[in-house]
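The following account leads the reader through selected local features of one protein model. Please keep the sequence and the structure in view while reading.

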Amino acid sequence: MSKKSPFDETMVELTRDCSDSPLYNEDLAPTCIKNRTWTIYSYIALWMGMSFCVPTYLMAAGFIAAGMSWSQATFTVLLGNAIILIPMLLNGRIGVRYGLSFPVFCRAPFGTKGANIPALARALVACGWFGIQTWIGGAALNALFALVIPGWDSISFNIWISFFFFWFLNIFIVYRGMDAVKKFEHLTAPLLLVFAVGLFVWAVTHAGGFGPIMSQPSKFHSLGEFLPVFIPSLTGCIGFWATLSLNIPDFTRFAKSQKDQIIGQSIGLPFSMTCFALIAILTASATVIIFGKAIWDPVEIVKQFDSPLLVIIGTLCVTLATLTTNIAANVVSPAYDFAHIAPKIIDFKRGALITGIIGIAMMPWKLLSDFGSYIFGWLVGYSALLGPICAIMLADYFIIRNREIDLDQMFVEDGIYSYGNGYNVKAFIAMGAGILMGLIGLVVPSLSFLYNYAWFVGFFTSGVSYVALMKQERRVAEAY
């Protein structure tokens, strides 16, 4: 097994010797030194761009709509993001050390062919997110067009025109490559912070100050009443970035060093998510005072501004916030995943286009019908799938392989990661056990806590199962 550092360009050259392999294309090859340009600020800006988005607002404000107080909702968001930061940093190390994207690394635990299954699972979740974000961005654009284009509201299907225009903007930027994505995130991060603070100031001013907002009580009068909402909400918070905890190597493979990704993410993720979530929570609490009900859609809040100029600026900012998140979180990664399925046919750009098409087909307007289907259906539901995959990746790298993989073997069809037929059956048994354990709670009411804690249940069940199965195989092999 190779001990060479991936920063040694000779290892990158070795993988290029596999260029004729059906497992290889330039987008999936290890990142070479000259392309490792992402710094601490790059990752802070990345997380600011991804966190300051409408789905973050919808999730946090949804907690208020579900009956939480501002302090309960803030604690839920902070704890959820502190938990998900751990696998984010651990998987991020893999990207820096070996320069590999998520689907290629999955070849080690799942097999050279089997890696397509977790990659496709992650890609389909991203397609759903892409559709959600694009629908939100289209709605913001539609509100903007109504303000600046006379007669826009009278045009048939105006929301669909806005939706597809926003869809095109996403694909256009990603088509320009990862360097364009980095520059876009660098530019927009400070602008989004200004918008978030401005929205917060407006809410506090119109609600009569902090006092009335923070005095809004929780509707839960005991821990027994609070826990049935808190548990799935916490799982939803973790599920919010469960996709990125898997494919964060897609971004850390461009880092200059481990220090850059560790410090950048440790500052960027918890600070950005908690900061913007708190703004969303307090703003939603303020809408209860101002309008008599919680408004959990920032596009609707922006429409309430007195000044037409402020409405225009607000909708532009919502559009920009949605665009930054969509590009980084929901197009880049599935583009790699789809490219991995057929490397000689699908490159990064074609993968991005496939993501966009499937995102439309998943009908995102249905997922955003109300906060219940968004938090308790969409977020919790897919966390049951992604927790097991994350556990198997981490267990394989840190426990089974002791942080050493053979880089060039990743691109060999009949190499050590083919497991004889391209599939590591033990990985799929472990993944199935984790998913099944979480889904039991969905069909057995008395065990509903298993589904509410789906990410945790799946993570630990699959992780333990995988280690046990792989170590058993090793003991049998050593006996012979």
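Asn402 counts as exposed because its relative accessibility is 53%; exposed denotes over 50% relative accessible area, buried under 20%, and partly exposed the range in between, with a 1.4 Å probe and protein chains only. The model is a predicted one, in which local features need pLDDT of at least 70 and side-chain atom pairs count only at pLDDT 80 or more, while totals for chains, interfaces and linings use all residues. Residues are numbered from 1 along each chain as its sequence is written, and side-chain values use heavy atoms, with hydrogens and water left out.

Asn402 lies in the loop between helix H20 (371-400) and helix H21 (425-443); helices are DSSP runs of H or I with at least four residues, numbered from the N terminus. Although Asn402 is not a glycine, its phi is positive, at about 50°. Arg403 is likewise found in the loop between H20 and H21. Arg403 is not a glycine either, yet has a positive phi of about 65°. With a relative accessible area of 39%, Arg403 is partly exposed.

Attention now turns to another helix. Helix H18 comprises 14 residues (residues 348-361) and should span 20 Å at 1.5 Å a residue, which agrees with the 20 Å between its end C-alpha atoms; the expected span is 1.5 Å times one less than the number of residues. In H18, Phe348, Gly351, Ala352, Thr355, Gly356 and Gly359 are buried. Viewed down the axis of H18, these buried residues fall within an arc of 145°, so they line one face of the helix; the arc is that of the directions from the helix axis to the C-beta atoms. Ile357 and Ala361, on the other side of H18, are exposed. Just after H18, Met363 adopts a positive phi of about 50°.

Key: Helices (H or I, at least four residues) and strands (E, at least two) are DSSP runs, numbered from the N terminus.
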